[in-house]
Each structure stands twice: as structure tokens, then as C-alpha cells.
Amino acid sequence: MADVSRGERTFKGQCTTCHTIDDGGANGTGPNLHGVVGADKHVHPGFNYSAALTEVGGSWTYEDLNHWLENPGAFARGTSMSFAGLRKDPDRINVIAYLASQSPDAPPFPAPLPAAGEDEGAAAPAEGEEAAEG
């Protein structure tokens, strides 16, 4: 489960060196991130994005934000963002929840994935196979 307050703490500790998040806030070394969730990539007014990021189309989905925050250099090879990434899943999940809380037009959160080992009902046997007994 995402924790917005932990995400805010992680954001303040890891991201505010380069980014602001206040509505109408100025760009820093990186763009202001208010309203980023669901917004088109590389369109924040007044920010000069790297060519690597301008080549990545679409909007900032939860999945794309997760990949970007995990390893920006792998998501957009040649990006000018020097941040190595947030390697821990909970840190990324919490930061994304915080970003969503600061994005008035953020799409709804996706349904959570089942926990490891959790059955969503027994898997149906493949065509031509019988269910295993056990």
C-alpha cells in the first residue's frame, strides 16, 4: 500500500535539490513536477528538456513513472537527469503516490497486483490438458 507521507519525505530528501512541486512553482535544474502524473512528457512551460527525453512520447503513466524513477538513464538513454534512481519498490511507489497527490488531473491508481503466492482462483488447465489432482 502506498504511503503519501513517506513519499513526500523521500521526495523532499531525494528530489527537491533539482525539482519543485508547488502549483505555479519555478523550474529548478529539473522541471516543476506539480501535476506531472498523467501529463504529457516534456511539456512543462519554460523548461528545456534533453533530446533523450523529448524523444519519449506519451504521458507520464504510473508505469512509466515507475520505470523512470527506478533508472532514468535506462528509461531515456542520454537523459541529462543525473539522478541514479530509486532502487527500492516501496520508495518509488510512495513517491509516485505523492506525485499523484500533487497532480489534480491524475488518473485513478491501477489495481494492485496479487501478492506473490496469492491465488486469484485456480488456474484453468491449458487446452487439451486435464487439471492436476492434488
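The second largest pocket in this predicted model has a volume of about 670 Å³. A pocket is defined on a 1 Å grid over the protein atoms alone, as an open set of points with protein on both sides within 12 Å along at least five of seven lines, and its lining residues have an atom within 4 Å of a point. Grid points are joined across faces, edges and corners, and the volume is the space filled by probe spheres set on the points. Of the 34 residues that line the second largest pocket, H19, G30, P31, L33 and M81 are the closest to its centre. The lining divides into 19 nonpolar, 14 polar and 1 charged residues; here Ala, Val, Leu, Ile, Met, Phe, Trp, Tyr, Cys and Pro count as nonpolar, Asp, Glu, Lys and Arg as charged, and the others, Gly among them, as polar. At least two lining residues come from each of α1 (4–14), α3 (62–70) and α5 (89–101), and the largest share, 3 residues, is that of α3.

Residues are numbered from 1 along each chain as its sequence is written. Because the model is predicted, local features need pLDDT of at least 70 and side-chain atom pairs count only at pLDDT 80 or more, while totals for chains, interfaces and linings use all residues, and side-chain values use heavy atoms, with hydrogens and water left out.

The secondary structure of the chain comes to 5 helices and 0 strands, in the order α-α-α-α-α along the sequence. Helices (H or I, at least four residues) and strands (E, at least two) are DSSP runs, numbered from the N terminus. Of the 134 residues of the chain, 28% count as buried, a term for under 20% relative accessible area; exposed means over 50%, and partly exposed lies in between (1.4 Å probe, protein chains only). Among contacts (heavy atoms within 4.5 Å) between residues at least 6 apart in sequence, 41% join residues at least 24 apart.

In α3, the residues Y62, D64, L65, W68 and L69 are buried. They lie on the same side of α3, because they cover an arc of only 160° around the axis, the arc being that of the directions from the helix axis to the C-beta atoms. The cover over the buried residues of α3 includes α2 (51–54), α4 (72–75) and α5.

The structure holds 4 salt bridges, each a side-chain nitrogen of Lys or Arg within 4 Å of a carboxyl oxygen of Asp or Glu. One of them joins K41 to D64, with the closest N and O atoms 2.7 Å apart. K41 lies in the loop between α1 and α2 and D64 in helix α3, so this pair ties together parts that are 23 residues apart in sequence. K41 counts as buried, at 2% relative accessibility.

Another salt bridge links R92 and D89, whose closest N and O atoms are 2.3 Å apart. These two residues are 3 apart in helix α5, so about one helical turn separates R92 and D89. R92 is buried at 2% relative accessibility, whereas D89 is partly exposed at 46%. In the salt bridge between D3 and R6, the closest N and O atoms are 3.4 Å apart. D3 is partly exposed, with a relative accessible area of 26%, and R6 is partly exposed at 49%.

Most residues other than glycine have a negative phi. H42, a residue other than glycine, has a positive phi, near 50°. H42 lies in the loop between α1 and α2 and is partly exposed at 24% relative accessibility.

Terms used. On a 1 Å grid over the protein atoms alone, a cavity is a set of points where a 1.4 Å probe fits but cannot get out, and a pocket is an open set with protein on both sides within 12 Å along at least five of seven lines; lining residues have an atom within 4 Å of a point.
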